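Open the structure in your viewer and keep the selection tool at hand. This tour tells you what to select next and what is there.

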Amino acid sequence: MTRRTTFSALALAVLLAGSAAAQNPPAPPKPVTPKPAQPAAAMATHKPSHRVREAKPGLLKKAKITPDAAEQTALAAVPGGSVTARKIETEKGVLVYAFNIKTTGMEGYNRVTVDATTGALVANTHKTTPKKAPKKP
């Protein structure tokens, strides 16, 4: 008698599972559509976001201009240059992004500061590293 009851219970469970699967069939897989290829010119203009050092924690949250927009302003001030350092700090009470920009063929670098609230160019100064005098024996 117990075999028959066990078999009946098992048959009932299989029947219920089968009818539940028939009522809720699995969803068909979604077709994968490839993304259109971007032209090479569009890829060349994209610049990755770079890390900006904060002089004090929380300065980036106070800025209204993004670091990438400020960097583009700084690079426009120094044609042919490449950014070697990025920093956000306060100078004379004004929140600014400061960039060191190195130009090929020139000694030293340009220190360019951009206002972090308006995006305006604040300063562009050229700095050179002093040459060390040879040691006398």
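**Ground rules.** This is a predicted model, in which local features need pLDDT of at least 70, side-chain atom pairs count only at pLDDT 80 or more, and totals for chains, interfaces and linings use all residues. Residues are numbered from 1 along each chain as its sequence is written, and side-chain values use heavy atoms, with hydrogens and water left out.

**Whole chain.** Colour by pLDDT, the predictor's confidence in each residue, from 0 to 100. The chain averages 79, and 65% of the residues score at least 70. Now show the secondary structure. Helices (H or I, at least four residues) and strands (E, at least two) are DSSP runs, numbered from the N terminus. There are 4 helices and 5 strands. Their order from the N terminus is α-α-β-α-α-β-β-β-β.

Select residues 40-45, helix α2: confidence is lowest here, at a mean of 46. Strand β4, residues 109-115, has the highest, at 94. Over residues 41-46 the pLDDT is below 50. Beyond near neighbours in sequence, that stretch has 1 contact in the model; contact means heavy atoms within 4.5 Å.

Pick Asn 110: its bridge partner in β5 is His 126. The hairpin has 5 residues between the strands. Among the hairpin's residues, Gly 119 takes a positive phi near 85 degrees.

**The core.** A nonpolar core is a set of buried Ala, Val, Leu, Ile, Met, Phe, Trp, Tyr and Cys residues joined through side-chain atoms within 4.5 Å. The largest one has 16 residues. Select Ile 88, Tyr 97, Phe 99 and Ile 101, which have the most contacts inside it. α4 (67-77), β2 (81-91), β3 (94-103) and β4 each supply at least two residues of this core. The largest share, 4 residues, comes from β3.

**The ring pair.** Which residues form the stacked pair? Zoom in on Tyr 97 and Phe 99, both buried. Rings of Phe, Tyr and Trp (its six-membered ring) pair if their centres lie within 6.5 Å; planes under 30 degrees apart count as stacked, over 60 as edge-to-face and the rest as tilted. The count comes to 1 aromatic pair. The centres of the Tyr 97 and Phe 99 rings are 6.3 Å apart and their planes are at 25 degrees, so the pair is stacked.

How values were computed. Buried means under 20% relative accessible area, exposed over 50%, partly exposed in between (1.4 Å probe, protein chains only). Two strands pair if DSSP finds at least two bridges between them.
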